[in-house]
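Here is a short report on a structure. Please look over the sequence and the fold first, then read on.

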Amino acid sequence: MSAPAPSMHSAAAKTRAEKLGLRLERANLDEFADTLLALARTDANVVAVTSDSRGSGKLGPFGQQHPKQIVEMGIAEQNLVGVAAGLASAGKIVFAVSPACFLTARALEQIKNDVAYSDNPVVLVGISAGVSYGALGSTHHSLHDFAVLRAIHNVAIVAPADNFETREAVRLAAVAETPVYLRFGKAPLYRLPSAGTFELGRARLLRPGSDAAFVATGETVIHALLAADFLKERNGIECRVLSVPSIRPLDTGAVLDAARTCRALVTVEEHSVHGGLGEACAALIAEAGLARRFGIAGLPDEDTVTGSQAEIFRHYGLTMEGLAEKMTGLMSR
Amino acid sequence: MREERELILKSLRYRKELLRVIKNAGAGHTGGDLSCIDILNVLYNRILRVSPKTFSDPNRDRYVQSKGHCVEALYVVLADRGFFPAEELETVCRHGSAFVGHPTRKVPGVEQNTGALGHGLPLCTGMAIAGKLDGAPYRVFTLLGDGELAEGSNWEAAMAAAHYGLDNLTAIVDCNTLQISGHTADVMNSEPLEAKWASFGWAVRRVPGHDFGALIGALEHPLEKGKPSVVVANTTKGKGISFMENVAKWHHGVPNDDEYARAIAELDAAISALEGVPA
């Protein structure tokens, strides 16, 4: 029997989440699977393609209820993406579902050429992304996916932060006319405060503030939100929190506004500090001629420490406490 | 045979035109263009149910050129079939042109962007699965090189296509036995091809790759119900130009003025000889 998964959050963080009225929901992966099932029910053109990833993609019920809409490719990610592109070119609404680590590395050339360059509107679904696989180690981490895909033209890059963003992202991706990459983890997530509609290229303002700003994406957003509340209470800092589900298209207006208004800005992502949201924002801010106290919270350029996703987050400070420290350190410099 | 004579003449003219395009562009994959042009001639003039008018029809036959580097052959045949005016070939490889040195969908008639090897068969497997899911009548064809078969993605797709019994899919191997750095048998041997494909569950036929009757016979119907088909076409790299045949350096050699004049003279002589013979 495996040990119970350690919580992503400290007792203090959980208390703060309760104080903010946040409710723990399910994993984005479960939300994705149910949303896709609902889409398949109403549109026979929706097809899921898997690489022996039916179970890990939570697509068991989909396969049982719509056996003609799921295509198994076996453990062959290059073929998974090539076949997905061929299906999309023939008019199918294709979700290519595979662990993010393999999908965006093993099959990168297929993503670049068959999907992006040939403009076949496949929805690439990277499951168990970031360090979701925890102690399985670096072969199974995807800390490079934003970086490699940002350098390839014609793929939207979307990392939802909660079940709401996931549901909306999956629905938008299904009708998108160009390729989309979606990335999910498998840990239960808090439902974030509502902040208007979900659009690609639009950041969601979860908390106002003009002293400092967290610009966060994916499953780290909750930690940034809790850190902002913690900083207000402990240090009196009014910290803005932006959830940025789409790394591309990036909401440049929202990022630049935060950079112009706030004295310090920290980006947060479950990705290498190289090539992800942080460097996208850094380039944007530098090109706008703004000099700001700026920090990138992510996985450093080193052999990633062994541990569960929660332990890895704690080790690298991707937690309420770690992010609060990073922000105060930056502001006191 | 009248029909065969017509195709032979067409191929001679295609060879002249693709050499002209390469000479004008100052770039091209001459050897492979010449080895696969007869296959493209047969596909576009006898086999594929596709035309400029039906190119957006979901039920059209599909052709994806996996060995995308032999794009000049494809451009010349598409122009002849009326997908775009032949004058546009003047812009091949020119700054700002849609006519890139590998196929792109910016060019009317091109199904998919190719150029990196080992991509056509997975793409076509996807199209063929879609055809089966929809009960659509179309067939899907791809052209592979024998050197290209070293790419592992081909064999991932070969496994899947047989697994799903895709008899609407046909792969053609332009087996010219040469690749950029020498003989395929020396660089990375891809033979025995019949045994490999058959063991993956494909129906296989090897044909002389410049024999129009044999090509038509192998391509006009799927080889076997319930299996994908592969036609291994034994071809000659540089076919039709005496000094280019079976010489690896013509893989992407561009003829100089003298070589170009000699090549065109050889083709003109062949055309005159054929035209002199009453049909």
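## Strand S7 of chain A

Strand S6 (residues 156-158) of chain A runs parallel to S7(A), joined by 3 bridges. Strands are DSSP E runs of at least two residues, helices are H or I runs of at least four, and both are numbered from the N terminus. Two strands count as paired if DSSP finds at least two bridges between them. Val158(A) stands opposite Leu182(A) in S7(A). Strand S5 (residues 123-127) of chain A also pairs with S7(A) in the parallel sense, over 4 bridges. Here Val125(A) is opposite Leu182(A).

S7(A) covers residues 180-183, and both of its faces are covered. Val180(A) and Leu182(A) are buried on one side, Tyr181(A) and Arg183(A) on the other. Buried means 20 or more other C-beta atoms within 10 Å of the residue's own; exposed means 12 or fewer, partly exposed in between, with C-beta atoms placed from the backbone. S6(A), helix H8 (residues 163-175) of chain A and S7(A) form a right-handed β-α-β unit. Right-handed means that, with the strands pointing away from the viewer, the path from the first strand over the helix to the second runs clockwise.

## Basis of the model

The model is predicted: local features need pLDDT of at least 70, side-chain atom pairs count only at pLDDT 80 or more, and totals for chains, interfaces and linings use all residues. Residues are numbered from 1 along each chain as its sequence is written, while chains are lettered from A and ligands numbered from 1 in the order in which they are written.

## Strand S2 of chain B

Strand S2 (residues 140-145) of chain B is mostly covered, with 6 of its 6 residues buried. Val140(B), Thr142(B) and Leu144(B) point one way; Phe141(B), Leu143(B) and Gly145(B) point the other.

Strand S1 (residues 62-65) of chain B pairs with S2(B) in the parallel sense over 4 bridges. Thr142(B) is the bridge partner of Val64(B). S2(B) also pairs with strand S3 (residues 169-175) of chain B, parallel, over 6 bridges. Val140(B) stands opposite Leu169(B) in S3(B). From S2(B) the chain crosses through helix H5 (residues 152-163) of chain B to S3(B), a right-handed β-α-β crossover.

## Where the chains meet

22 residues of chain A are in contact with 20 residues of chain B. Contact means C-beta atoms, placed from the backbone, within 7 Å. Helix H4 (77-89) and helix H6 (108-117) of chain A are the elements giving two or more residues to the chain A side. H4(A) gives the most, with 9 residues.

Methods:
Two residues are in contact if their C-beta atoms, placed from the backbone, lie within 7 Å.
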